[in-house]
Amino acid sequence: MKADNVHAYIIPSADPHISEYLPKHYKCIPLASGFKGSAGTLVITHDHAGLWPLVL
């Protein structure tokens with residue numbers, strides 16, 4: 001991240017069309033964090049990572 005001057009990654013559990021059923025290729029949160037829930041937002045910075053799951 002530092003080499004590419006990236007300060008943070010924000011990974012939402014949504015696609016650009018806000019589809020009700022997320023296509024498999026947009027499911028990045030489980031790959032990056034291991035989170036198995038259905039929805040949330042993952043934020044990764046140089047010295048912190050946070051996951052905000054969607055609770056219904």
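**The pocket and the fold**

Tutor: The largest pocket has a volume of about 320 Å³. Please bear in mind that this is a predicted model.

Student: Which residues are the closest to the centre of that pocket?

Tutor: They are Ser13, Leu22, Ser38, Ala39 and Gly40, out of 22 residues that line the largest pocket.

Student: And which elements give two or more residues to the lining?

Tutor: Those elements are α1, which spans residues 29-33, together with β2 and β3.

Student: How does the lining divide into nonpolar, polar and charged residues?

Tutor: The lining of the largest pocket has 13 nonpolar residues, 6 polar ones and 3 charged ones.

Student: Changing topic: in what order do the elements run from the N terminus?

Tutor: The order is β-α-β-β, and the protein chain has 1 helix and 3 strands.

Student: In which sense do β1 and β2 pair, parallel or antiparallel?

Tutor: Strand β1 (residues 8-12) and strand β2 (residues 40-45) are antiparallel, with 5 bridges. Within this pairing, isoleucine 10 stands opposite valine 43 of β2.

Student: What joins β2 to β3?

Tutor: A hairpin does so, through 3 residues. β2 pairs with β3 (residues 49-53) in the antiparallel sense over 5 bridges, and glycine 40 has proline 53 in β3 as its bridge partner.

Student: Last one: how much of the chain counts as buried?

Tutor: Of its 56 residues, 14% count as buried. The protein chain exposes about 4700 Å², of which carbon and sulfur atoms supply 60%.

Terms used:
Residues are numbered from 1 along each chain as its sequence is written. This is a predicted model: local features need pLDDT of at least 70, side-chain atom pairs count only at pLDDT 80 or more; totals for chains, interfaces and linings use all residues. Side-chain values use heavy atoms; hydrogens and water are left out. Two strands pair if DSSP finds at least two bridges between them. Helices (H or I, at least four residues) and strands (E, at least two) are DSSP runs, numbered from the N terminus. On a 1 Å grid over the protein atoms alone, a cavity is a set of points where a 1.4 Å probe fits but cannot get out, and a pocket is an open set with protein on both sides within 12 Å along at least five of seven lines; lining residues have an atom within 4 Å of a point. Grid points are joined across faces, edges and corners, and a volume is the space filled by probe spheres set on the points. Ala, Val, Leu, Ile, Met, Phe, Trp, Tyr, Cys and Pro count as nonpolar, Asp, Glu, Lys and Arg as charged, and the others, Gly among them, as polar. Buried means under 20% relative accessible area, exposed over 50%, partly exposed in between (1.4 Å probe, protein chains only). Accessible areas come from the Shrake-Rupley method with a 1.4 Å probe; for residues, only the protein chains shown count as cover.
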